[in-house]
Amino acid sequence: MNKYTKLLIGIVLDAIGCISYFIPGIGEFGDVIWAPIAGWLMTKLYKGKSGKIAGIIAFVEEAVPGLDIIPTFTLMWLYTYVLKKE
């Protein structure tokens, strides 16, 4: 998968995670469903140890109220393709 395709997918997934801010009450219930999905998707987008760690972080970020604003998928893309030295 192209790295820019991953970036676009990540931005869309981060936007989905922010939906709870637009639907008060119902949105927090949606986070209960979205949190494990987000964690699983993160592990599918980014393989290996860093993907597993990012999956746990994505799960926690979505599960804890008020943290939805953090763009976890986009930050993982930045870490993988900009900050990480190979």
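Is Ile56 buried or exposed? In this predicted model, where local features need pLDDT of at least 70, side-chain atom pairs count only at pLDDT 80 or more, and totals for chains, interfaces and linings use all residues, Ile56 is exposed, with a relative accessible area of 55%. The terms follow a 1.4 Å probe run over protein chains only: buried is under 20% relative accessible area, exposed is over 50%, and partly exposed lies in between. Residues are numbered from 1 along each chain as its sequence is written, and side-chain values use heavy atoms, with hydrogens and water left out.

Ile56 belongs to helix α3 (residues 48–63); helices are DSSP runs of H or I with at least four residues, numbered from the N terminus. Between the C-alpha atoms of Ile56 and Thr43, which are 13 residues apart along the chain, the separation is 8.8 Å.

The aromatic side chains come next. Rings of Phe, Tyr and Trp (its six-membered ring) pair if their centres lie within 6.5 Å; planes under 30 degrees apart count as stacked, over 60 as edge-to-face and the rest as tilted. This rule gives two aromatic pairs. Trp77 is buried, at 8% relative accessible area.

Trp77 also forms a tilted pair with Tyr81, at 5.5 Å centre to centre and 45° between the planes. Both residues lie in helix α4, four residues apart, or about one turn of the helix. Tyr81 is partly exposed, at 29% relative accessibility. Together, Tyr4, Trp77 and Tyr81 form one aromatic cluster.

Technical notes
Helices (H or I, at least four residues) and strands (E, at least two) are DSSP runs, numbered from the N terminus.
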